[in-house]
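Thanks for asking me to look over this one with you. Here are my notes, as numbered points to read beside the model.

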Amino acid sequence: MSHDSRTAPRICPLCEATCGLTLTIEGTTVTGARGDRDDIFSRGFICPKGASFGGLDADPDRLRVPLVRGDDGELREAGWGEAFDRIAARMPDLVKAHGPQAVGVVLGNPNVHTMAGSLYPPLLLGALRTRNVFTASTLDQMPKHVSSGLLFGDAHAIPVPDLDRTDHLLLIGANPLESNGSLCTAPDFPGRLKALRRRGGTLTVIDPRRTRTARLADRHVAIRPGADALLLAALAHTLIDEKLADPGPLAEHLDGLDELATALADFTPEAVAAACDVDADTITAIARELAAAPTAAVYGRIGSCTVEHGTLASWLVDVLNILTGNLDRPGGALFPLSATARAPRAAEPGTRHAAPGKGFALGRWSSRVSGHPEAKGELPIAALAEEIDTPGEDRIRALVVIAANPVLSAPDGDRLDAALADGLDFMVSVDPYLNETSRRADVVLPPPPPSQSAHFDFAFNGFAVHNQVRYTRAAVPLEDGRMDESEIHARLILAVSGMHGAPPSAVDDLAVDTALTRAGAPKELAAGLTGESGPERRLDLMLRLGPYGLTLEQLLAHPHGIDLGPLKPRLTEVLRTRSGRVELLPDPIAADLPRLRRALGDRPAPLVLVGRRHLRSNNSWMHNVGSLTGGSNVCTLQIHPDDAARLGLADGDTARIESSGGGIEAPAEITDTVRSGVVSLPHGWGHSRPGTRMSVAAAHPGANVNQLLDGTLLDPLSGTAVLNAIPVSVTPAH
């Protein structure tokens, strides 16, 4: 380390694990990143993404000033004032002429990895008053939100496995050794699984691929893709049929246990075996092992969500935790309590039961063209293109895209790309790159690199396997000519709402005032808030109103975090159903079960496609980091040797893959880690469109797997695109 070097703590913003980093900084340049051994949550763990922090931070392809489309149709560099002037001159007039539903908002995954992306989009939606909201959730996790909403009355009440205390962990459709976890914030997920094994626990993995996680398991079940809900239903049926179900103290908080038994009666192990390609004895054995374990947790993720029965599979994960008595108990699946969560609800007076809540409703409105029902206030992102290119009243004419690249990440990118190019009157992107989507914008607003931004995990602390809180300020000063991401968002809100020219602080002041009103707290509290910025004042308020009564000053005094203790049972605090009980068989679930029952008679296509995660990547937004290219992070078509021989493919040959949405080509990778009848391509590739400025990604473009999909196949309850178990044909390319 040179004499002018220094170090600074930073929470890694590159995946859901939220590991603590120690950055090495020379001047204003991050020259290294290592795991922070003093971090109270991650204890020094780091993965390749975190180690690449400096390379991503200094990427020369990152935009440094706004881009504005000129009269010649080309994007050119502009000042911040001109960029916001352009937005203020166009967006309010469009809304006035065509109404608020003429505007759509698209939010991508990176939003939940930044403070600004968490704090400001709700205010933007309030200013625009549009119902046309599309997010990455309908490409991955919406089924879990919907099932939690229906079971517990709160779409954000998602129980997580108590990894550090469980005796038996069953993973379905999850590969945390590559993903680092999802809706389960757990630094060093691999180490936690190895610790489970060392203490004599059992790990069961259900996955059509022999992933790194599966190789660690005591039992790996290579299920047929898309059959997750059938297998889970058979496990639940077995627990009930063999009288192994024992909810224990949960029983007094349950509604619908008898109705559940009737609803699952047809899903015997023998009935589902052929459709799952898992023999009945194995299904029965897994159910008995779950029931016999002192404590156990079932955890399902992307692979079980992005299928035709994703919401049913997500529901059944929690049904199994409930039937085995493992929901809301140590070693099972528990509800985290973050430092900025709403204050816990009190029990109904004179009882130990939850007070009745407002509940959770689906389909409060529908999309204009296909009538897709909303879920959690969002419409399926797969329907975005048709909402733009289909004529009619309330057609989307303007779009605000924040940290999203749906041309690559959503089905049928070609149609969406054409819609963005020809169907919009105006488009704004908040994005650090000129990528496959932002290249179509009229104004591009680039946030600064992560080293120049403060960080707090509003979302992921609510899914953490241990209660804790950490905050880090920007590691280096904001570079000349850049604008803080929070100020970008605040000025955007002012520009679209007709308040252009007002100080950005007005947005934060309004947010503080609203939060105090909703909490019933005295307005005088605002005067005592500390912090160097609006976001810090808002964080200070949320901490003070939160369940631990913390302050920003306390977080600043503990740069490596504050340990808030292990997860604790608190079911009655989170229940918000109208009955005040866990509603085991909600009406929308019961109405969808006949569709699952019909799947018992389905027979699989000869070849189906599934996705896969890479440890050195996170969807499409890290493919421009040179240090993360190569190795396993490649866009190949994994195919079993028997299928390859039948199709005449050798390792390295170019394969042609075709499905309902079109065809793509990718190099074949012959491997027995994928079961026969299944091929696998990773998500987030296809960096070959002209007009982008991502040189590393363009040099390794890969193929866009989503171009195989036409966007019509969705999980009906959540609106989530079906990205796995897609029938495909594969031939040698000519």
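1. Salt bridges come to 39 here, taking one to be a side-chain nitrogen of Lys or Arg within 4 Å of a carboxyl oxygen of Asp or Glu. Before going on, please keep in mind that this is a predicted model, in which local features need pLDDT of at least 70 and side-chain atom pairs count only at pLDDT 80 or more, while totals for chains, interfaces and linings use all residues. Residues are numbered from 1 along each chain as its sequence is written, and side-chain values use heavy atoms, with hydrogens and water left out.

2. R689 sits in the loop between β25 (678-680) and α26 (695-699) and D417 in helix α18, so the bridge ties together parts 272 residues apart in sequence. (Helices, H or I of at least four residues, and strands, E of at least two, are DSSP runs numbered from the N terminus.) Both R689 and D417 are buried, where buried means under 20% relative accessible area, exposed over 50% and partly exposed in between, with a 1.4 Å probe and protein chains only.

3. Another salt bridge joins the side chains of D513 and K523, at 3.1 Å from N to O. D513 belongs to helix α20 (residues 505-519), and K523 to the loop between α20 and α21 (534-545), ten residues apart. D513 is partly exposed at 34% relative accessibility, and K523 is partly exposed at 41%. Salt bridges with shared partners also join D414, D417, R439, R440 and R689 into one network.

4. Which residues touch the most other members of the largest nonpolar core? They are F152, L230, W315 and L571, in a core of 64 residues. Such a core is a set of buried Ala, Val, Leu, Ile, Met, Phe, Trp, Tyr and Cys residues joined through side-chain atoms within 4.5 Å. Leaving out residues up to four places away in sequence, the contacts of W315 include L151, L260, P586 and L593; contact means heavy atoms within 4.5 Å. Apart from this core lies another of 53 residues, among them L139, A441, C635 and I664.

5. Now look for the open sheet of seven strands, with mixed pairing and the order β5-β4-β17-β16-β15-β6-β7. Two strands pair if DSSP finds at least two bridges between them. At the edges stand β5 (75-77) and β7 (133-135), each with a single partner strand, so one side of each has no neighbour in the sheet. Strand β4 (residues 67-69) pairs with β5 in the antiparallel sense over three bridges, and R69 stands opposite L75 in β5.

6. Finally, two backbone angles deserve a look. Most residues other than glycine have a negative phi. D412, though not a glycine, has a positive phi of about 50°; D412 is in the loop between α17 (406-409) and α18 (413-422) and counts as buried at 17% relative accessibility. A725, also not a glycine, has a positive phi of about 65° and lies in the loop between β27 (720-721) and β28 (726-727).
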